[in-house]
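Please open the structure in your viewer and keep the selection tool at hand.

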Amino acid sequence: MVMAGALGRDAGGVATESDRRCYLAVALDVPLPGLFDYWHDQPVPRGVRVLVEFGRRKMIGMVCEALDAPRVDVSRVRPIQDVLDDLPPMPPDWLRLAEFAARYYHRPMGEVLMPALPSSLRKPAAYLGSRAAGGPVRRADRRPGGASRTQGQAESGPAPELNEEQSAALQVLRALDGGQTALLHGITGSGKTEVYLRLARDVLAQGRQVLLLVPEINLTPQLEQSVRARLPAQAGPGSLAVMHSKLADGERLRAWLRVARGEADILLGTRLALFAPMPRLGLIIVDEEHDTSYKQQDGLRYSARDLAVWRGHDLGIPVVLGSATPSLETWHRVGQEAYRYLALNRRALAQAQPEVRLIDTRRAQLEQGFTPQLLQALEHSLEGGRQSLVFINRRGYSPVLHCGSCGWLSQCPRCTAYSVLHRHARGRHTLQCHHCGHWSAAPRACPDCGDQDLKPMGQGTQRVEAFLAERFPQARIVRIDADSTRRKGSAEALFAQVHGGQADILVGTQMISKGHDYARLGLVGVLNSDAMLFAQDFRAPERLFAQLMQVAGRAGRRDAGAQVMVQTDYPDQAVYQALLSHDYTAFAQAALLEREELGLPPYSHQALLSAQARHLHDAQAFLVEARAQALDLIAPGAVHIYDPVPLRVVRVANIERAQLLVESPGRGALHRLLDAWLPQLHELARGRPVRYGIEIDPQEI
Ligand code: ADP
Ligand code: ZN
Ligand code: ZN
């Protein structure tokens with residue numbers, strides 16, 4: 001980028017003050033489109049952070065362009081307060097990634113660039129005042145040996161020899177062309193991790209860095225151990241950096257600095273790690289690529305998987321997507337031969353996949369949600385000294401509290417949703433809303449009729465745990481869900497207990513269903529999966545299938561005879577039938593055919609305009625007008641614009657929500673519409689009591 005400051009533009013006259021100014025376009029994390037003009041008395045390169053005043057606030061932004069002249073009235077252009085020189089300018093490939101994300105997701109640059117940095121690098125407070133001590137980078141650098149935090153003892157021992165399938169896959173992956181993406185489709189327990197690690201080792205040996213993305217932090221400890229154990233000796237333990245949202249600010253900054261400076265060779269992290277600058281990046285691996293956690297659900301609603309593919313392509317390096325149940329988007333790309341396809345069809349350690357049984361609950365005598373068959377299987381498992389896992393995707397004690405006399409239900413006062421009953425120490429109960437967080441003590445008597453006999457309806461993890469504890473007093477039961485793992489380190493502790501064999505029955509939500517390699521798990525029981533069967537979202541069956549395959553895949557990873565029992569009212573549903581035969585391919589093909597007939601993604605591209613207001617009619621009215629605007633902007637047939645609809649949970653925290661779906665067979669047509677439409681929406685919303693947002697490739701509709 002050429003710095004085109006005002007210097008030297010002087011046409012022989014007397015240089016004025018403003019002639020010596022360099023005008024700069026600065027990206028700021030504010031919800032306004034475009035870049036903001038500032039001046040400085042010297043050129044500032046692109047990618048450098050600067051401290052500026054915005055309104056009456058001090059903010060840190062990033063220089064994106066040098067300007068020949070300000071684009072607003074000169075008198076309104078303010079000087080940059082400080083150029084932050086504690087880091088070199090952000091590298092060009094990092095800026096390209098951010099630019100692409102801003103363009104693709106139709107967000108202002110500042111809303112992409114700034115949140116992609118560790119928070120202390122964008123907080124003015126970290127640089128101002130007596131305690132700043134030269135800013136967060138210098139403070140981090142002064143910390144003695146703060147670089148690596150070796151956690152636990154890496155299990156050493158030689159790497160296993162790859163089996164034939166693994167070797168064949170590795171060979172193809174090694175030979176991938178730069179910029180190519182491959183899908184490693186390996187059934188659960190087939191040893192995908194071992195393939196990733198070998199491939200990573202090659203890339204490290206070439207002096208390049210590896211980015212390994214995982215969906216959730218609770219999966220990192222186990223993978224972290226394997227990576228540490230398998231890392232080439234010369235790289236040393238300090239060459240691994242870990243990054244996820246639960247890290248403290250300082251820890252995240254130190255990891256980021258080590259990666260950005262090329263001191264760490266491997267970055268293992270969740271979706272946010274995708275935005276780490278990596279000067280020698282040579283390979284990106286996205287484990288469990290189908291997982292919805294790769295999609296950010298607020299702010300910049302990006303898909304880390306999709307951006308990983310773009311980044312790999314941009315850098316000319318290979319990207320490996322791994323999954324037992326690939327997303328239909330990825331499967332479709334394989335079908336188009338855009339991605340290389342590699343399969344691992346056999347388990348690495350066990351002879352076979354676990355046997356799946358569907359337990360018909362329609363005529364069963366249920367005891368607290370359990371069929372006699374499942375209870376018997378649990379008992380067997382206990383007697384045989386094997387671990388069992390009970391999966392129920394609902395936390396809390398029960399999803400609703402109910403009065404039998406008058407029909408009162410525990411409704412959240414601020415949402416159109418029920419409050420969930422939770423149990424605490426010393427028999428205390430609360431009602432908690434999982435949508436807005438509102439909570440109160442659970443009433444002892446019905447608030448409407450005074451009846452003392454309130455009943456919990458349905459099961460959550462806590463109730464399942466309590467019931468099993470009563471039913472199997474000899475069993476050691478561990479519950480893992482968002483509640484039991486709230487404190488830092490508690491998830492690691494609970495998983496350590498499970499992996500250390502100090503648990504007989506593991507009860508939990510989807511947190512326990514993914515990625516973990518349980519050694520002694522002989523039985524998996526699934527409760528209440530029907531709830532997802534009839535969700536309105538067209539992706540619900542895909543998600544349910546992936547979830548069931550994942551949780552089933554935890555069983556019998558070392559030995560034969562493992563069982564999976566799924567309780568259902570609808571055993572004939574296609575999802576369950578495909579599960580019986582472990583047949584991902586059949587399921588995916590049928591699902592894709594249906595999507596094609598209905599013109600749904602991946603055969604079309606979508607954007608979702610959502611509106612929020614105190615009153616639903618304001619949100620709806622905004623969307624109705626927005627729709628009319630859009631219809632004016634498109635050629636007939638190019639883009640389909642649906643009618644606005646209220647969300648299923650229409651009110652959350654007293655805000656009512658509606659949305660409008662936009663869909664097109666062509667990505668280009670959709671993005672052209674958005675380019676023209678978004679500025680109009682900005683005007684349309686002005687002065688109205690509405691907030692709106694646009695999401696590209698929405699995953700939940
Ligand atoms: P996936 O991620 O595909 O579900 P993992 O990578 O967790 O499977 O592998 C399952 C288990 O098999 C792990 O304990 C792993 O160490 C082991 N394993 C993988 N490959 C081999 C191999 N070639 N020989 C022996 N054990 C292996
Ligand atoms: Zn009542
Ligand atoms: Zn609520």
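Which helix gives the largest share of the shell around ligand 1? Please note, before selecting anything, that this is a predicted model. Now select residues 192-205: this is helix 5, and with three residues it supplies the largest share of that shell.

Next, display the whole shell. Ligand 1 is surrounded by 18 residues, and the closest are Glu161, Gln166, Gly189, Thr193 and Asp517.

Then colour domain 2 (164-344) and domain 3 (355-398 + 458-594) separately. Ligand 1 lies between these two domains, because both give residues to its shell.

Zoom in on the polar contacts of ligand 1. Select Lys192, where a polar side-chain atom is 2.9 Å from an oxygen atom of the ligand. At Gly191, a polar backbone atom lies 3.1 Å from an oxygen atom of ligand 1. At Ser190, a backbone N or O atom is 3.4 Å from an oxygen atom of ligand 1. On its own, ligand 1 has 560 Å² of accessible area, of which the protein covers 83%.

Finally, move to the zinc ion (ligand 3). Which residues coordinate the zinc ion? Select Cys412, Cys415, Cys433 and Cys436: the SG atom of each is a donor, at 2.2 to 2.3 Å. Along the sequence, these donor residues follow the spacing C-x2-C-x17-C-x2-C. Why is the arrangement tetrahedral? The four donor atoms subtend angles of 105 to 112° around the zinc ion, which makes the arrangement tetrahedral.

Key: Residues are numbered from 1 along each chain as its sequence is written. Chains are lettered from A and ligands numbered from 1 in the order in which they are written. This is a predicted model: local features need pLDDT of at least 70, side-chain atom pairs count only at pLDDT 80 or more; totals for chains, interfaces and linings use all residues. Side-chain values use heavy atoms; hydrogens and water are left out. A residue is near a molecule or strand if one of its heavy atoms lies within 4 Å of it. A polar contact is a pair of N or O atoms within 3.5 Å; within protein, one must be able to donate a hydrogen and the other to accept it, and residues adjacent in sequence count only if both atoms are side-chain atoms. Accessible areas come from the Shrake-Rupley method with a 1.4 Å probe; for residues, only the protein chains shown count as cover. Helices (H or I, at least four residues) and strands (E, at least two) are DSSP runs, numbered from the N terminus. Domain bounds come from an automatic or database domain assignment. Donors are N, O and S atoms within 2.8 Å of the metal (3.2 Å for Na, K and Ca); water is not among the atoms, so sites may look incomplete. Four donors count as tetrahedral if all angles lie between 85 and 135 degrees; four count as square planar and six as octahedral if opposite donors are over 155 degrees apart and all others between 65 and 115; anything else is irregular.
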